[in-house]
Amino acid sequence: MATCPRCGRKVPEDAIYCPYCGARIGVTKENIEYIREKIAELRRAETISLIMAFFLTFCAGGMFALMKYETIVNPYVALIVGIVSVVGVVISLIAWIRAMTERKELLEKLKWASK
Ligand SMILES: [Zn+2]
């Protein structure tokens, strides 16, 4: 846990602002490694989310294409799997954007630290 320089309360290591008083939380020797690990972790999460989004896009496209071939697959099953895949694409993209936003904030935090 990091300590807020203004109010002295314990705040999460990756906090950018103190949740109690709103003061900016700097980077200290104690939390810099944690922040670097968190950035690496978020980068992996971004990659996985993007791979998922691409995979599910192809899956949805394939399912909608298969709907024309009733002999291969029941069109309703294909439709449902296709819709579920589209929902999965949206969730993956939201996860990607959230991880990217959080990583940018942490990178900003590291930038302030080096000033
Ligand atoms: Zn505070």
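Me: What percentage of the 115 residues in the chain do buried residues make up?

Reply: This is a predicted model, in which local features need pLDDT of at least 70, side-chain atom pairs count only at pLDDT 80 or more, and totals for chains, interfaces and linings use all residues. Residues are numbered from 1 along each chain as its sequence is written. A residue is buried if 20 or more other C-beta atoms lie within 10 Å of its own, exposed if 12 or fewer, and partly exposed in between, with C-beta atoms placed from the backbone. For the 115 residues of the chain, the buried share is 14%.

Me: What radius of gyration does the chain have?

Reply: The radius of gyration is taken over C-alpha atoms, and the globule rule is 2.2 Å times the number of residues to the power 0.38. The C-alpha atoms fill a box of roughly 70 × 25 × 20 Å along the principal axes. A compact globule of 115 residues would have a value near 13 Å, whereas the chain has 21 Å.

Me: Which pattern does the chain follow when read along the sequence?

Reply: Helices (H or I, at least four residues) and strands (E, at least two) are DSSP runs, numbered from the N terminus. The chain has two helices and two strands. Read along the sequence, their pattern is β-β-α-α.

Me: Which five residues form the largest nonpolar core?

Reply: A nonpolar core is a set of buried Ala, Val, Leu, Ile, Met, Phe, Trp, Tyr and Cys residues joined through C-beta atoms within 7 Å. The largest such core consists of Ala2, Cys4, Val11, Cys18 and Ile25.

Me: Is Leu56 buried or exposed?

Reply: Leu56 belongs to helix α1, residues 29-66. Two residues are in contact if their C-beta atoms, placed from the backbone, lie within 7 Å. Beyond its neighbours within four places in sequence, Leu56 is in contact with Ser85, Gly88, Val89 and Ser92. Because Leu56 has 21 C-beta neighbours inside 10 Å, it counts as buried.

Me: How far apart in space are Leu106 and Arg36, C-alpha to C-alpha?

Reply: Leu106 lies in helix α2 and counts as partly exposed, with 18 C-beta neighbours inside 10 Å. Residues up to four places away in sequence aside, Leu106 touches Asp14, Ile35, Lys38 and Ile39. Leu106 and Arg36 are 70 residues apart in sequence, and their C-alpha separation is 8.5 Å.
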